[in-house]
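Thank you all for coming.

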Amino acid sequence: MKLYSNPASPFARKARIIVRELNLTKVVEEVNVDTRSQSDEVRKLNPLGKIPVLVLNDGSTIIDSRVICEYLNETGGGKFFPGMSIWREVSGRWKAMTLQALGDGICDAAVASIYESRRPPEQQSPAALEKYGKAITTSLEVLAPANFAKTITIGEIAVACALGYLDFRLPQLTWRENHPKLRDWYEIFAQYPSMKDTWPAALS
Ligand code: BEZ
């Protein structure tokens, strides 16, 4: 299988972490692509022009980091996607998926904010920047490590990737100052070899 990815992408990073955690490195080849300079190539793989994309050995493709992560989890016999609970609605799978959506949403807002801030100053929208900033800060406020799963799920992986991405692209947010519990949780989580091995970097 080939995982089309980018070392800066927090979305691809979730899949790259699962590849390492489930010892899939020998069956999943990571291919770095730049969605800006190689947009035509990427669109041939994914009409949306986004990474990550997983190309299976039969040539078929899977898109969207959430779908790819679940596929890799199944392939590697992982437990990052818990089963559904019939006892409580927001537990098990739904809790993990909701936490993943929140982590991914922080990344969506961060990426949009970075693109906006790279526009010429006179073309930037202060309202849009404020909206993205609020999405990030209010999401960080509801992230309570005490509610995280004891056995790591895709939700905790997505949150860790989001925090790593904020450190990488928006260090000026200094999120640790207002979130000491999240800081302490992340400090330990960031020590996993799969986290260290996928630390975000600009594509050279
Ligand atoms: C980035 O360079 O920040 C980036 C690259 C790919 C996907 C998302 C973000």
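Let me begin with the word contact, which here stands for heavy atoms within 4.5 Å. What you see is a predicted model, in which local features need pLDDT of at least 70 and side-chain atom pairs count only at pLDDT 80 or more, while totals for chains, interfaces and linings use all residues. Residues are numbered from 1 along each chain as its sequence is written, and side-chain values use heavy atoms, with hydrogens and water left out.

With that in hand, please look at N73, which, if we leave aside its neighbours within four places in sequence, is in contact with I18, L22, G78, K79, F80 and F81. N73 is found in helix α3, where a helix is a DSSP run of H or I with at least four residues, numbered from the N terminus. Is N73 buried or exposed? It has 3% relative accessibility and therefore counts as buried, the cut-offs being under 20% relative accessible area for buried, over 50% for exposed and partly exposed in between, with a 1.4 Å probe and protein chains only. Its side chain also reaches the backbone nitrogen of F80 at 3.0 Å.

Turning to the whole chain, we have domain 1 (2-75) and domain 2 (93-197), with bounds that come from an automatic or database domain assignment. Their centres, taken over C-alpha atoms, are 21 Å apart, and 15 residues of domain 1 are in contact with 23 residues of domain 2.

Next comes the nonpolar core, meaning a set of buried Ala, Val, Leu, Ile, Met, Phe, Trp, Tyr and Cys residues joined through side-chain atoms within 4.5 Å. The largest one has 48 residues, of which L54, L72, L140 and W185 touch the most other members. Helix α6 gives the most to this core, with nine residues. Because domain 1 (2-75) and domain 2 (93-197) both give residues to this core, it lies between them.

Finally, which residues are around the ligand? They are A8, S9, P10, V111, Y165 and R169, each having a heavy atom within 4 Å of it. An oxygen atom of the ligand is 2.4 Å from an N or O atom in the side chain of Y165, and a polar side-chain atom of R169 lies 2.8 Å from an oxygen atom of the ligand. The protein covers 83% of the 260 Å² of accessible area that the ligand has on its own, as computed by the Shrake-Rupley method with a 1.4 Å probe.

Note on methods: Helix = DSSP H or I, 4+ residues; strand = E, 2+ residues; numbered from the N terminus. Polar contact = N/O pair within 3.5 Å; in protein donor to acceptor, adjacent residues only side chain to side chain.
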